[in-house]
Amino acid sequence: MTALIVSVTGLLLTVFTGRVARIGLLGIQYAAVAWLTGLSLPLQVAAVKLVAGMIACGILAVSESKQERRPAQLAGREFGTIFRLFAAGLGLVAAFGLSQRNWFEVPDISQEAILGSTVLLTTGLLQLGLSGSAFRVCLGLMTLLSGFEVVYSLIEPSLAVLALIASIHIGLALVASYLILVSAAPVDLQEVG
Amino acid sequence: MSAPALIFDLTAILAIGSLMLRRRPWASLALAAVGSLLIGIFALRAPIEIPHELLGVSLEFEGGWRILGRLIALSDRNRAPVAFLYLTGALFFAAGMFARPGRTFAPVGLLTLGLLGGSLTIEPFLYAAIFLELAAMAAILVLNPPETGSDPGSLQLLVLYTLAMIAILFTGWLLDNVGITSVTPELASKVMSLLALGFAILMFIPPFHFWLGRAAETANPYSLAFLAVVLQSAGLFFLLRFLDSLEWLRSEPRVFGAGLTVGLLMAGFGSLASAAQTNYSKMIAYALVADFGVTLFAIGSSLAGALQIVLFHLGIRVVSLAVWGLGATALRRIRGDAQLIGAGRANPLAACASLIGALGLAGFPVTGGFPIRWALLREPTGSTNVGATIVLASMVLVSISVGRWATRIFSPAQDGEERSVAGTNRWIFLAGILVCLLLGAFPQLGLPWVGPALRGFANLQP
């Protein structure tokens with residue numbers, strides 16, 4: 001069930017263009033990731049990921065609300081909605097196929113965690129490949145990193161690593177916000193308005 | 001008192017201080033330069049675990065600092081690399097007072113140094129990958145100061161470093177838990193592939209160098225030079241630490257063979273790409289790739305004293321890049337375009353400083369980049385001398401590229417506009433030129449840092 005939620009959020013994050021909607025989807029995705037991590041870690045420890053994720057979403061939301069609306073500028077590498085939908089669909093099929101076996105070769109990992117992690121890694125890479133805009137790239141990195149964390153938390157449940165990786169999520173949100181606020185990042189045509 | 005805690009607390013305080021002074025860039029950079037210099041000297045010279053007295057107060061610096069169950073340790077293994085980073089920072093912050101690279105340069109530069117210092121001191125050392133990722137995030141702020149436009153190269157850097165972090169952390173788990181040794185060849189191959197990916201990114205090995213060329217198109221040359229040198233140096237120290245710590249990896253002939261081959265490919269590719277550029281900063285970006293290639297080639301070669309010459313060259317590269325960046329930034333202020341035609345006539349000293357720094361990267365004789373190439377040419381690796389030929393060709397090609405740019409920079413401006421720059425910063429350019437030439441003529445001047453650095457990599461020495 002959680003893997004399904006992650007698949008849907010991954011698909012929609014790849015396809016949607018509205019920033020507010022994507023921040024909301026990212027929040028749901030973080031909740032699902034915390035749940036998947038909770039399969040291998042105590043729930044209160046997994047909740048750290050949820051808290052870090054929510055802080056990251058909060059930072060993105062605040063910067064989005066403060067952003068001035070300005071004329072759109074092409075990011076130089078943007079694809080249409082139908083293409084993104086098609087690519088995300090193909091990516092999900094590949095992820096489902098790949099997760100039929102424990103391709104991470106990590107012992108004692110549940111099938112749901114393998115599926116969730118593979119889907120997140122795939123959709124994260126897709127988001128990185130389909131856009132050059134700072135917002136999308138940072139969202140793609142957060143998704144990719146979440147996929148990695150689901151597996152890595154199982155093999156390295158150290159509190160220090162948990163805190164450091166949580167700080168990376170928050171750092172990515174800060175970087176995206178910074179680039180949005182200084183208007184350094186190119187903006188998707190559809191993202192504005 | 002914990003020495004690492006003192007270093008990182010001071011770094012944080014200095015970063016906050018220079019951030020508060022950001023509206024007075026000169027003061028902000030001066031604070032960062034003095035602070036980095038003191039921290040660098042402290043990291044190199046502080047008596048660790050030895051009681052001593054300072055102004056009548058009894059002091060003992062501990063080498064370790066525990067945070068959330070993990071150890072950050074300053075020891076003979078890493079104090080020279082940490083000092084190297086801070087001293088590099090001190091040089092760039094001090095010269096930055098004249099290059100004026102942007103308001104975020106000093107505070108975020110300090111933050112970057114702190115994170116890279118963390119990557120060198122964290123135990124287990126595999127977690128260095130996380131600190132390097134955080135440093136790449138800080139790099140975005142340095143390359144995209146609020147007062148300038150966007151730099152797509154910095155985002156590419158962030159993506160690449162994230163992939164490197166994932167590859168290296170996963171490798172760490174394989175090493176710790178699956179029991180990789182030279183007698184488990186299949187697993188060892190898997191680990192080496194993942195490691196190769198991670199380090200290829202950290203060492204800017206093509207095709208993972210592309211962010212550098214992209215960033216060179218738009219970013220301030222001085223900021224880019226600083227980041228390229230500190231990020232790549234931290235990556236190189238990480239690689240050396242890996243080799244020093246893992247006996248099975250060190251004894252694997254394919255590892256050094258790969259270093260040799262990849263280094264030569266980088267030197268060849270970088271010099272060819274450098275010759276093809278129509279943008280001055282991009283030309284240097286590719287010359288830097290060629291220079292990194294020469295370093296890797298030296299590591300991969302089995303020459304006696306290869307590590308000494310590599311560590312020496314790291315220090316030389318910092319000086320060459322700083323002098324190049326200083327001159328290039330001044331030239332860009334004269335002519336905004338990437339062609340820089342005629343800029344040298346307006347400020348000949350800045351042009352000379354920039355070109356001599358560039359020649360240092362090319363390895364031109366009587367500059368700091370020459371000794372490493374001379375050592376490799378004198379004792380060619382292998383029977384075919386292919387390596388020596390490529391290193392020589394790379395030197396010649398990059399030097400010719402620099403010469404070609406010299407003719408452009410000193411040619412009359414096409415629009416007839418030749419703004420002369422009054423004697424501002426004359427002394428700093430002269431000092432830069434002098435240091436570059438002195439280090440080329442008397443390479444032994446750069447040796448004092450090599451001794452302490454070598455102590456950190458005892459297993460890599462014959």
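Leaving aside neighbours within four places in sequence, A:Ser153 is in contact with A:Thr37, A:Leu41 and A:Lys49, where contact means heavy atoms within 4.5 Å. The model is a predicted one, in which local features need pLDDT of at least 70 and side-chain atom pairs count only at pLDDT 80 or more, while totals for chains, interfaces and linings use all residues. Residues are numbered from 1 along each chain as its sequence is written, chains are lettered from A and ligands numbered from 1 in the order in which they are written, and side-chain values use heavy atoms, with hydrogens and water left out.

A:Ser153 belongs to helix α6 of chain A, residues 134-155, helices (H or I, at least four residues) and strands (E, at least two) being DSSP runs numbered from the N terminus. At 3% relative accessibility A:Ser153 counts as buried, a class that means under 20% relative accessible area, with exposed meaning over 50% and partly exposed in between (1.4 Å probe, protein chains only). The side chain of A:Ser153 reaches back to the backbone oxygen of A:Glu149 at 2.6 Å.

Turning to chain B, its secondary structure comes to 19 helices and five strands. The radius of gyration of chain B is 21 Å, close to the 23 Å that the globule rule gives for 462 residues, so chain B is as compact as a globular protein of that length; the radius is taken over C-alpha atoms, and the rule is 2.2 Å times the number of residues to the power 0.38. Its C-alpha trace spans about 70 × 60 × 40 Å along the principal axes, and buried residues make up 60% of the 462 residues. Of the contacts in chain B with a separation of 6 or more, 79% are accounted for by residues 24 or more positions apart.

B:Asp244 is buried, with a relative accessible area of 2%, whereas B:Arg77 is partly exposed at 39%.

B:Lys282 lies in helix α12 (residues 280-300) and B:Glu217 in helix α8, so the pair ties together parts that are 65 residues apart in sequence.

The backbone of chain B has its own points of interest. The peptide bond from B:Pro206 to B:Pro207 is cis, with omega near 10°, and B:Pro207 is placed in the loop between α7 (185-202) and α8 (210-218). B:Glu49, in the loop between α2 (25-45) and β1 (52-54), has a phi near 60°, a positive value in a residue other than glycine. B:Arg100 likewise has a positive phi, of about 45°, although it is not a glycine, and its relative accessible area of 52% makes B:Arg100 exposed.

The last topic is the interface of the two chains. The contact takes 27 residues from chain B and 36 residues from chain A, and the area buried between them is about 2600 Å², of which carbon and sulfur atoms give 81%; buried area is the accessible area (1.4 Å probe) that two parts lose on being put together, summed over both. In chain B, B:Leu68, B:Leu155 and B:Trp173 lose the most area to chain A, together 20% of what that side buries. Across the interface the rule finds one salt bridge, and A:Glu156 forms a salt bridge with B:Arg70, with the closest N and O atoms 3.3 Å apart.

Notes
Salt bridge = Lys/Arg side-chain N within 4 Å of Asp/Glu carboxyl O. Polar contact = N/O pair within 3.5 Å; in protein donor to acceptor, adjacent residues only side chain to side chain.
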